[in-house]
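Hi,

Here is the structure you asked about. Please have it open while you read the notes below.

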Amino acid sequence: RKQQHRLIIWDTFFATFKTPAIKQIRSKRLFIALEFESFEMNKKIIDCCIENGLITDWFLFAPNCLRIAPPLIITEDEIKLCCNIIVESITKVYGN
């Protein structure tokens with residue numbers, strides 16, 4: 001059951017983030033990093049996410065990467081909501 005839940009989360013996140021703004025997606029289980037071209041772009045996206053109710057941050061060792069670290073009890077609906085907020089934020093900052 002837990003493995004299936006992780007796969008749903010994994011598939012949902014990776015299927016959602018298809019944009020040229022994201023240079024690379026890295027992950028270790030449910031910890032995901034979205035890499036952007038610069039800290040400035042990443043910071044604008046993070047600020048937009050926070051304005052829309054999604055708390056996120058960057059990595060101290062990789063300031064151009066947005067950190068996604070969902071709770072282990074996250075539901076599929078919550079994942080979709082978070083993904084929508086991130087995609088809308090990227091679109092607002094990047095343009096497409």
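**What was found**

Asparagine 42 is buried, at a relative accessible area of 0% (buried means under 20%, exposed over 50%, partly exposed in between; 1.4 Å probe, protein chains only). Asparagine 42 lies in helix H2. Beyond residues up to four places away in sequence, asparagine 42 touches Phe36, Trp58, Pro63, Asn64, Cys65 and Leu66 (contact means heavy atoms within 4.5 Å).

A note on the source: this is a predicted model, where local features need pLDDT of at least 70, side-chain atom pairs count only at pLDDT 80 or more, and totals for chains, interfaces and linings use all residues. Residues are numbered from 1 along each chain as its sequence is written, and side-chain values use heavy atoms, leaving out hydrogens and water.

Now the sheet. 4 strands form an open, antiparallel sheet in the order E1-E2-E4-E3. Strands E1 (24–28) and E3 (57–59) are at the edges, each with a single partner strand, so one side of each has no neighbour in the sheet. Strands pair if DSSP finds at least two bridges between them. Helices (H or I, at least four residues) and strands (E, at least two) are DSSP runs, numbered from the N terminus. E1 pairs with E2 (residues 31–35) over 5 bridges. Serine 27 stands opposite isoleucine 32 in E2.

Last, helix H3. Buried residues in H3 are Ile79, Cys82, Cys83, Ile85, Ile86, Ser89 and Ile90. The face turned away from the buried side of H3 carries the exposed residues Asp77, Leu81, Glu88 and Lys92. Glycine 95 follows H3, with a positive phi near 110°.

Best wishes
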